[in-house]
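Take a moment with the sequence and the 3D view. The paragraphs below walk through the model step by step.

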Amino acid sequence: MPLSPLDIHNKEFTRGFRGYVEDEVNEFLNQIIKDYEIILRDKKELEEKVKMMSEQISHFNTLENTLQKSIVVAQDAAEELRRNSQKEAKLIVKEAEKNADRIVNDALTKARKITIEIDELKKQSKVFRNRFKMLVEAQLDLLNTDDWEHLLEYDVDLTDIQEQVKVVEDIEK
C-alpha cells in the first residue's frame, strides 16, 4: 500500500548517536510531503481525466459501432431497393413488350381484315361495274331498236282514248 502524505508526516525515526540534524530532516520531509501531495493531486486529476476520456472513448466506440451498423443497414436497404427497382423495371419492360406485341398483333389482324374487305369491295365494284355496263348497254340497245320508230307512227287522239275508256267501263258494269 502506497504511503500517504500523512504517513510521511507522522513517521518518527529513532534517534541514534550520531543521527541527522532533526530540523533538516523535518524540512526535507515537509518538502517531500508537499511534493507528494502535488503528485497525488496530479495523479488524481489524471485518473479522473483518464476515467472521463475512457468514458468518452467508450461512448465514441458505441457511437462508432452504431454508425457502422447503421451504414451496413443503409447499404443493405440500398441494395435491396436497387434489386427491387431492377425487378420492377424488368416487370415494366415485360409488360410493355406484352402490350406492344398485343398492339402489333391487333394492328396486323385489323390490317388483314381491312385487306380482305378491300378485296371484297374491289370484287363487288367489278361486279357492279359489269352489271351497270350491261344495264347501260341494254338500255342503249333498247334505244337503238326500231320499236321507237313504230311508236312515233302511232297517232292517238284524246277522243279515241276516252271512247275506249267508256267501252271498258261499260263492260265492267
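This is a predicted model. Start with helix 2, which covers residues 22-144. Much of what follows sits on this helix. A record also speaks about part of the chain. The UniProt annotation "coiled-coil region", from an unreviewed entry, covers residues 29-131. In the model, that span is 100% helix and 0% strand. Its end C-alpha atoms lie 147 Å apart.

A pair of isoleucines gives a sense of distance along the chain. Ile-92 and Ile-57 are 35 residues apart in sequence. In space, C-alpha to C-alpha, they are 51 Å apart. Ile-92 is found in helix 2. Is Ile-92 buried or exposed? Ile-92 counts as exposed, because its relative accessibility is 51% and the cut-off for exposed is over 50%.

Now turn to the charged side chains. Side chains of opposite charge can pair when their charged atoms come close. How many salt bridges does a search of the whole structure find? The search finds five.

Look at Glu-79 and Arg-82. Their side chains meet in a salt bridge, at 2.2 Å from N to O. Both residues lie in helix 2. They are three residues apart, about one turn of the helix. Glu-79 is partly exposed, with a relative accessible area of 29%. Arg-82 is partly exposed too, at 39%.

Next come Glu-80 and Arg-83. Their side chains also meet in a salt bridge, here at 2.5 Å from N to O. Again the two residues lie in helix 2, three residues apart, which is about one turn. Glu-80 has a relative accessible area of 37% and is partly exposed. Arg-83 counts as partly exposed at 36%. These pairs do not stand alone. Glu-79, Glu-80, Arg-82 and Arg-83 are linked in a network of salt bridges.

Further along helix 2, look for Arg-102 and Asp-106. Arg-102 forms a salt bridge with Asp-106, and the closest N and O atoms are 3.7 Å apart. Here the spacing is four residues, about one turn of the helix. Both partners are partly exposed. Arg-102 has a relative accessible area of 44%, and Asp-106 has 37%.

Move on to a nonpolar part of the surface. Which residues make the nonpolar surface patch? Phe-128, Phe-132, Leu-135, Val-136, Leu-140 and Leu-143 make it. Val-136 lies in helix 2. Val-136 counts as partly exposed, because its relative accessibility is 35%. A patch residue needs over 30% relative accessible area, so Val-136 qualifies on that point.

Last, look for open space. Rolling a probe the size of a water molecule over the atoms shows where empty space is left. The largest pocket has a volume of about 430 Å³. It is lined by 18 residues. Which of them lie nearest its centre? They are Phe-13, Arg-15, Glu-22, Val-25 and Asn-26. Helix 1, residues 5-10, and helix 2 each supply at least two residues of the lining. Helix 2 gives the most, with six residues. So the tour ends where it began, on helix 2, whose residues run 22-144.

Key
Residues are numbered from 1 along each chain as its sequence is written. This is a predicted model: local features need pLDDT of at least 70, side-chain atom pairs count only at pLDDT 80 or more; totals for chains, interfaces and linings use all residues. Side-chain values use heavy atoms; hydrogens and water are left out. Patches are made of residues with over 30% relative accessible area and no salt bridge: like charges are joined within 9 Å, nonpolar side chains (Val, Leu, Ile, Met, Phe, Trp, Tyr) within 5 Å. Accessible areas come from the Shrake-Rupley method with a 1.4 Å probe; for residues, only the protein chains shown count as cover. A salt bridge is a side-chain nitrogen of Lys or Arg within 4 Å of a carboxyl oxygen of Asp or Glu. Buried means under 20% relative accessible area, exposed over 50%, partly exposed in between (1.4 Å probe, protein chains only). UniProt positions are given in the numbering used here, feature names are shortened, and annotations may be inferred rather than shown by experiment. On a 1 Å grid over the protein atoms alone, a cavity is a set of points where a 1.4 Å probe fits but cannot get out, and a pocket is an open set with protein on both sides within 12 Å along at least five of seven lines; lining residues have an atom within 4 Å of a point. Grid points are joined across faces, edges and corners, and a volume is the space filled by probe spheres set on the points.
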